[in-house]
Amino acid sequence: VSESTLNDFKSAAAELQRAALAAFDAAGSPDALERARADFLGRTGGRLLALQRQVPSFEGAERGIAGRAFNELKADLESRLDARRVALESSARSESPQIDLTMPPRRQFVGAEHPVTLVVEEIVDIFRRIGFAVATGPEAETEWYNFTALNFPPDHPAMDLHDTMYLAKDVVLRTHTSPVQIRTLQAGPPPIRVVIPGNAYRLDPFDASHAPMFTQIEGLSVDEGVSFVDLKATLTHFAQLFFGSTRTRFRPSYFPFTEPSAEMDVECRLCKGAGCAACKGSGWMEILGSGMVHPNVLDAAGVDSERYTGWAFGMGPARIALQRYGISDIRILYDSDIRFLEQVAR
Amino acid sequence: MNASYEWLREFTDFDLTPQQLRDAITSRAATVEELVPLRADLADVVVGLVVEAKPHPNSDHLWVTRVDAGASELLDVVCGAPNVQAGSKYPFAPAGSTLPGGLKLERRKIRGEVSNGMLCSARELGLGSDHEGILPLHTDAAPGTPFLSAYPAGDTRLVIDVLPNRPDLLSHEGLAREISAFTGNDLHMPEHANMTSATAFEHHAGESTTGGVHVVVEDAASAPLYTATVIRGVHIAPSPEWLVNRLVSIGLRPINNVVDATNYMLHGFGQPMHAFDLDRMNGAEVRVRNARAGERITTLDSVERKLDASMTVIADAQNAQAIAGVIGGNDSAVSDGTKNLLLEVAVFNPRSVRATRRTLGVSTDASYRFERAIDAHAACDLARYAAALIISIAGGYVDGAPVAIGSPAASPQAVRLRMSRVAKLLGERISEPECMRLLGSIGFGVTSGSDEALRVTPPRWRSDVTIEVDLVEEVARLHGYDSFPDELRAFRVGNASDSPAYVVTRRVTTTLAGAGLLEVRPIPFVADAGENGVRVLNPLAESEVLLRSSALQSLARRVEYNFAHMTRNIRLFEVGVVFSRGVDRIPGERTVAAAIIGGDRSPAHFTNPRPPQTDIWDARWIAERIVTAAYGSSAAAFQPNESGDGWSVFWDSAEIGTVAPLVVDAPVWAPPIFGIEVDLTPAFGMTRRPVVSRPLPVTPAAEFDLALLVPATAAAADVARVISATAGETLESLVPFDEFRGIGVPEGFRSVAWRLTFRHPERTLRDKEIEGRRARILRALDEELGVRPRTS
């Protein structure tokens, strides 16, 4: 009899375990789980109590077996209950979120270099790769450095393109960065390969396309055997790197300090050479002025113009910044409007 | 320079479209900036052949015609012109087209007969004032051909940027010369004047008489060559159509036949000319002399101008009648009643014309050319041509032999051109015969020497060519810049290293941009630059006549601009030049970094809707970042400034900068702002020491905090000095981390909490050692500064 009674106890325990686990699984919320716990494990009225009460009814070794079976069952159910509670709580969290992940991140103020600086740096970087260093010089210059040494004929219409601000009778705010060419030539013997970024000043009324101060960058390459082919090839190489693959064109120009002088155009970015309003129908955009350094300039700087030859170029990064950032009025580059500068901050 | 496609064809034949012409001139001589199609308003008009013309059934002065306009069917067109004839061609504007003046044609019935357009008169096409009916076209062009390609009314204006070295291109003749070199076709004179009436010039020095007029040149330096031709008996009238077309095509307004003829000569040949009305001159005398101080003249633009003795005038026996080479006077201007002329064709000195027109502020087509130097050798021939042209279109005769006083400057000298120099400069060998051909094509005289060099004589109109390299440029451009290869050849890297100014500027710029600031590049002119300001002698605006002595002067205006545009949070910086009066006349220049900050320290976020505000301590941090970036170390001294609200920055005992609150013109809502400026110039010469790292510690640190009551007489630096002096070598760091005034702190004191960190390099410090130090430090603070621990 007792043998079968112990078996009955065990199967009752197995039945209770199955029912309890089913109830725990069925509980969809912590409250429901709590009810299931009370139903099976409650100190008053829990369904395990009835089983527990049967344990003392066994005798001898059987009582020990029944007691262990009961304890194992209870421990198992309690651990299953805990696991189920954790699972329910974590799913509760993800179902009713406490952070709204669509809200914006916390930001810091982002700084930026000026659009013109960015263009200058891009140009400098390209020329650095082909052996150029950066030279600089003063913004207030003597007329000798600004004009005379650069072969400007005195009192000549060439001066009309350089409306000059004077600080003293023969001291000017430099009208271009070219005086630095002379200073560089004076400073050391060729080979010379420099780019010269800097500010220049002209007596131009401040309007949508002119400013009394503007940034220029120019380059100078002087050595034995430097020729017009080097000028063309280097500047074309630059244009390829700066604008991406593009066609270039060179046409005659005039600067007192170079001869032959040439203007370099690149194919109009907007119409791809077909001709549009931006390029006045020509299909070309003017990018820079250039030329072979005039022998008078080399001589003025104390460099033997029979032995050495060289080429130079100059360009206005602001014009490129206008194109690049889609600006129609140059004054925005000077306004220092934070709303504009933040747009170019990246 | 405006040029006309059709006008150029007077001088040389070419088979180029306007676009091809543009490209040819641009690639070889001067940039054509724009092509302006003229008479585009006639684009709709075509050649119409009148196949049949019958009287209109309901009118006695109208015709009903059938017109072949190139379409498959003939069109019925009603016409009112008496001269319409079957078998003739006329300009035809079909229904749907628009005529000059905006008249839009429609298909409509005229007295019951349908009309599909209009046969046009010259006047209806804006081609003249001809009233004699519709314009017969003597053309082979097929019906339907665009009118503009069948009739010489269409033209294209070329807007050309002629640079100062090429005055010879400031005329149609000069441009045509370049075109003829390109096409190989001849250059020839236009056939507008009957030269059989032309008389030879008599050459004199100083003075002479022609046609009863005494001509005196007192100022030969300013007028090296002065010619006068007296033409009597002219009839002033509107110019003939061809001449009107020429002037209109380059944007000039026709005035009358004589004035138009002189303008034709200027733009056709580059020689300015002036015709005086002889009968309105006082006395039969023309005198080229210096203006008298205070002398006045009312010029052709009806402006009364005051002259000075540096200027040259053309005067009659009493008054100035023209300003030499610049502009004529009103009194002797040719007008409808003019009968007798004195035609002046002269060469004026470029510099004196330039000086005069700059002083007077008046630039004319004449002064523009004289300034750039004209071809003096052509003056007499062009004067003869001009006289013949005037007589051809206005009648009259030349009275007496015209006179030329003075002589043109010497002809250009021969220049040696070495073939080796051509190759060296251009990087390509261009053969001697090819150089000869190229230079010969634009009128240079070239002979070959035995020494691998050419002897090249520039033509008289190329006085800009004086040295060898000028010839190299001619060879290069005529060869074609685009013909040179683009191959990158070997080069030597330059000797120089980067300018220190650039290197330091870059370091500071990237540092500040990285710190969240926005770079600006303002213009350095200011209204007030302090006592050391450098003045611009000829400023653009009276409000900004000085160069700034501090970059904060420019930045402050930029902050005001941002406040005015409702931007509250400010974070601008600049690395730029400031100026000071130099010891010599040359100003001193320094490169500085400057910044202005204010407002929210970070963008507002929903977790922190009111971000902390920027204050002087942020400014101080920016200054330290600048110093570190430029000088390679943060070892600058920040000394409290005199007003006690910021610091002066010292490097090596020299003051290099400031950090302080800044006052600008600001709206009430604006936050306080702070300015930082640091001189970078001393850093340019410095060698930066490389950063050497320290080994990381292997022993634990021990730390404790001190809450101190600090009297007003003691500064944090004093406290730090005493602590450092007493704490011993193992003190690793000393940081004030809290400051408090108020409840619990006696009046006249503040509470400052310090954290002291100790570390022995080799062993763990014992608690007792640390405690012993605390007692020593507190004793020293009390004795030296009256600083006590805070007990509550």
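Q: So what's the average pLDDT for chain B?
A: This is a predicted model, and chain B averages a pLDDT of 91. 99% of the chain B residues score at least 70.

Q: OK, the interface. How many residues of chain B are in contact with chain A?
A: 96 residues of chain B, and they touch 99 residues of chain A. About 8,500 Å² is buried between the two chains, with carbon and sulfur atoms giving 57% of that.

Q: Which three residues of chain B supply more of its buried area than any other three?
A: B:Tyr481, B:Arg521 and B:Leu540, which supply 9% of what chain B buries against chain A.

Q: How many salt bridges between the chains?
A: Eight between chain B and chain A. One of them joins A:Arg128 to B:Asp498, where the closest N and O atoms are 2.9 Å apart. On the side of chain B that touches chain A, 42 residues are nonpolar, 20 polar and 34 charged.

Q: And how many residue pairs in polar contact?
A: 47 between chain B and chain A, counting pairs with both residues at pLDDT 80 or more.

Q: Switching topic: what's the strand order in the open sheet of chain A?
A: The seven strands run β1-β5-β6-β10-β9-β8-β7, with mixed pairing. β1 (133-134) and β7 (248-255) are the edge strands, each pairing on one side only.

Q: Do β9 and β10 pair parallel or antiparallel?
A: Antiparallel, over four bridges, with β9 covering residues 284-293 and β10 residues 309-315 of chain A. A:Met292 sits opposite A:Trp311 of β10.

Key:
Residues are numbered from 1 along each chain as its sequence is written. Chains are lettered from A and ligands numbered from 1 in the order in which they are written. This is a predicted model: local features need pLDDT of at least 70, side-chain atom pairs count only at pLDDT 80 or more; totals for chains, interfaces and linings use all residues. Side-chain values use heavy atoms; hydrogens and water are left out. pLDDT is the predictor's confidence in each residue, from 0 to 100. Contact means heavy atoms within 4.5 Å. Buried area is the accessible area (1.4 Å probe) that two parts lose on being put together, summed over both. A salt bridge is a side-chain nitrogen of Lys or Arg within 4 Å of a carboxyl oxygen of Asp or Glu. A polar contact is a pair of N or O atoms within 3.5 Å; within protein, one must be able to donate a hydrogen and the other to accept it, and residues adjacent in sequence count only if both atoms are side-chain atoms. Ala, Val, Leu, Ile, Met, Phe, Trp, Tyr, Cys and Pro count as nonpolar, Asp, Glu, Lys and Arg as charged, and the others, Gly among them, as polar. Two strands pair if DSSP finds at least two bridges between them. Helices (H or I, at least four residues) and strands (E, at least two) are DSSP runs, numbered from the N terminus.
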